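Student: I've got a chain open on my screen and I'd like to talk it through. Can we go helix by helix and see what packs where?

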Amino acid sequence: MSVTPVQERKQRERAQRERLIVAAARELAERQGWEAVTTRRLAERIGYSQPVLYGHFRGKREIIGAVALEGAAELAATVRAAGAGTAGAGSAGGPRERAGAVARAYLGFAAGNPALYDALFHLDAGLAFAREDTPGPLKDAFTALLDSLGEAAGDGTHPALFTEVFWAALHGLATLARAGRLPPGDTARRTQLLVERLTAI
């Protein structure tokens, strides 16, 4: 059954409203924190009624989930760009150098997008991780890490397992730094130490 022009227009308008809601939620969260994001404030900000907003998302949890999926896609792109930036540079583009570039890019992403990072990893977004029903953008973000880091695992270490441990270490550094639990002046040295100790190349 073909879609009529009217149906196509309605689908475009619906998608546009959803993008508007997600963008407004993300902007408000980055400025004032997720506690400031309410359906009432979002409805006011985008110029639609709360019932219209509920027609797209059942509540704040689903909005956080939509922001998290958007963030996962951006994180994947950031990681891939960092990994690709070291390719083709001879010895300067080896697995350890690639791991270092990815580590710096990941930590920069977490620091530069705190509300987005919270939506991805710290808040209940109703998303499944590490399961068959994990949404595609989350799987792709891990694949981007695996593609960039797997070669640094060395012989005898499963690349996916290495990537999980490396990612966990990066997440710990990002979370502790954000909470003010680590001295900010040592970020570069800390990242270098992580890369040197975990990579087996």
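Student: Where does Gly-65 lie?

Tutor: Before we start, this is a predicted model, where local features need pLDDT of at least 70, side-chain atom pairs count only at pLDDT 80 or more, and totals for chains, interfaces and linings use all residues. Residues are numbered from 1 along each chain as its sequence is written, and side-chain values use heavy atoms, with hydrogens and water left out. Helices here are DSSP runs of H or I with at least four residues, strands are runs of E with at least two, and both are numbered from the N terminus. On that scheme, Gly-65 lies in helix H4.

Student: Is Gly-65 buried or exposed?

Tutor: Buried means under 20% relative accessible area, exposed means over 50%, and partly exposed is in between (1.4 Å probe, protein chains only). Gly-65 has a relative accessible area of 4%, so the call is buried.

Student: Zooming out, how many helices and strands does the chain have?

Tutor: Reading from the N terminus, the elements go α-α-α-α-α-α-α-α-α. The C-alpha atoms fill a box of roughly 55 × 45 × 30 Å along the principal axes. The totals are 9 helices and 0 strands.

Student: What share of contacts joins residues at least 24 apart?

Tutor: The count takes contacts between residues at least 6 apart in sequence. In this chain of 201 residues, 39% are buried. The share of those contacts that join residues at least 24 apart is 63%.

Student: Which helices do the buried residues of H6 pack against?

Tutor: H6 is mostly covered, with 6 of its 8 residues buried. Those residues are Ala-115, Leu-116, Tyr-117, Asp-118, Ala-119 and Leu-120. They pack against helix H1 (5–32), helix H4 (60–84), H5, H7 and H8.

Student: Within what arc do the buried residues of H7 fall?

Tutor: The buried set in H7 is Leu-138, Ala-141, Ala-144, Leu-145, Ser-148 and Leu-149. The arc is that of the directions from the helix axis to the C-beta atoms. Looking down the axis, the buried residues of H7 line one face of the helix, because they fall within an arc of 115°.

Student: Which residues does Ser-148 touch, not counting those up to four places away in sequence?

Tutor: Ser-148 is found in helix H7. With a relative accessible area of 7%, Ser-148 is buried. The buried residues of H7 pack against H4, H5, H6 and H8. For Ser-148 itself, the touched residues are Val-79, Gly-83, Arg-98 and Val-102.

Student: How far apart are the end C-alpha atoms of H8?

Tutor: The expected span of a helix is 1.5 Å times one less than its number of residues. H8 (residues 159–178) has 20 residues and should span 28 Å, which agrees with the distance between its end C-alpha atoms, 28 Å.

Student: What is the phi of Ala-130 near?

Tutor: Most residues other than glycine have a negative phi. Ala-130 sits in the loop between H6 and H7, and its relative accessible area of 83% makes it exposed. Its phi is positive, near 55°.

Student: And which residue takes a positive phi just after H8?

Tutor: This one is a glycine, with a phi of about 75°. The residue is Gly-180.

Student: Last one: how far apart are the C-alpha atoms of Pro-5 and Phe-109?

Tutor: Pro-5 is in helix H1, and Pro-5 is exposed at a relative accessible area of 65%. Pro-5 and Phe-109 are 104 residues apart along the chain, and their C-alpha atoms are separated by 40 Å.

How values were computed:
Contact = heavy atoms within 4.5 Å.
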